Amino acid sequence: MMTVKQVSELTGVSIRTLRYYDSIGLLSPSDHTEGGYRLYDDTALERLQQILLFRELGFPLKEIIGIMESRSFDRRKALDQQIELLELKKQHLQELIDFARGIKMLGVRAVDFTAFDRSKLDEYAERAKKEWGDTPQYKEFEEKDSKRTAAENAQLTERFMTLFAEFGELKEGSPDSPEAQAQVRKLQSFITENMYTCTDDILCGLGKMYAAGGEFTENIDKAGGKGTAEFTAAAIRVFLS
């Protein structure tokens, strides 16, 4: 048996986090001391290892609870899947390293705002109109957009892409970090203030769209580096979980 302090020192997971996992039913202690302190056995530590792997892969806590409490949960199969995902993440990180080295060697700017110029915004707006042109959000967008000059639109575009560049600076960390979550809140507020009321449902849809491939994903990755769109989408999932 290990105390909560020993588990924290061994794994790097804070005592506060371990207590939180207990409070939501994700990781309960195996026993308690006479003084009421939590104790963890090997089975609990094994479960914690699974949790940490899922967290490293960007799974929200709600999803982890659902997965691990499912009757069909197979620990060995889950571990195989985690290994496969971690291998993909390893490859992804290597690509990011190569990308950064290329920037360092060639002196290329990491943020290319021309990738999201006004013509792209117009194209996206037209596509959005076809998909949700009758909604209050699109009407709100049209009203705000009509009041801006070309120079103001260019400035808005740059500010918008700066948000994704900032996501890019965070993508080596975890999407559930306080910094990443604050950035999602900043993104949602920016869209609401400058485009249309960005409800949680709309934010969820945007997150899926950002990581779905195509022009949105490409332009976001150009702003923040490869993987930024995927990281942004993961941070949004955590934010809404």
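Student: F160 and F190: buried or exposed?
Tutor: This is a predicted model, in which local features need pLDDT of at least 70, side-chain atom pairs count only at pLDDT 80 or more, and totals for chains, interfaces and linings use all residues. Residues are numbered from 1 along each chain as its sequence is written, and side-chain values use heavy atoms, with hydrogens and water left out. Buried means under 20% relative accessible area, exposed over 50%, and partly exposed in between (1.4 Å probe, protein chains only). By that cut-off, F160 and F190 are both buried.

Student: How many aromatic pairs are there?
Tutor: Rings of Phe, Tyr and Trp (its six-membered ring) pair if their centres lie within 6.5 Å; planes under 30 degrees apart count as stacked, over 60 as edge-to-face, and the rest as tilted. With that rule, the number of aromatic pairs comes to 5.

Student: What sort of pair do the rings of F160 and F190 make?
Tutor: A pair of rings is described by the distance of the centres and the angle of the planes. Here F160 is in helix α8 and F190 in helix α9, so the pair ties together parts 30 residues apart in sequence. Their centres are 5.8 Å apart and their planes sit at 10°, so the pair is stacked.

Student: Which residues form one aromatic cluster?
Tutor: Start with that F160 and F190 pair, both of them buried. The cluster is made of F160, F164, F167, F190 and Y210.

Student: Which strand does D22 of α2 get tied to through R38?
Tutor: A salt bridge is a side-chain nitrogen of Lys or Arg within 4 Å of a carboxyl oxygen of Asp or Glu, and D22 and R38 make one at 2.9 Å, N to O. D22 is in helix α2 (residues 15-23), so the pair ties together parts 16 residues apart in sequence, the other part being strand β3 (residues 38-40). So the strand is β3.

Student: How far apart in sequence are the parts that R47 and E69 tie together?
Tutor: Their side chains meet in a salt bridge of 2.7 Å, N to O. R47 sits in helix α3 (residues 42-56) and E69 in helix α4 (residues 61-69), so the separation is 22 residues.

Student: And what's the relative accessible area of K186, the partner of E166?
Tutor: The closest N and O atoms of that salt bridge are 3.1 Å apart, linking helix α8 to helix α9. E166 is partly exposed at 22%. K186 is partly exposed too, with a relative accessible area of 41%.

Definitions and conventions. Helices (H or I, at least four residues) and strands (E, at least two) are DSSP runs, numbered from the N terminus.
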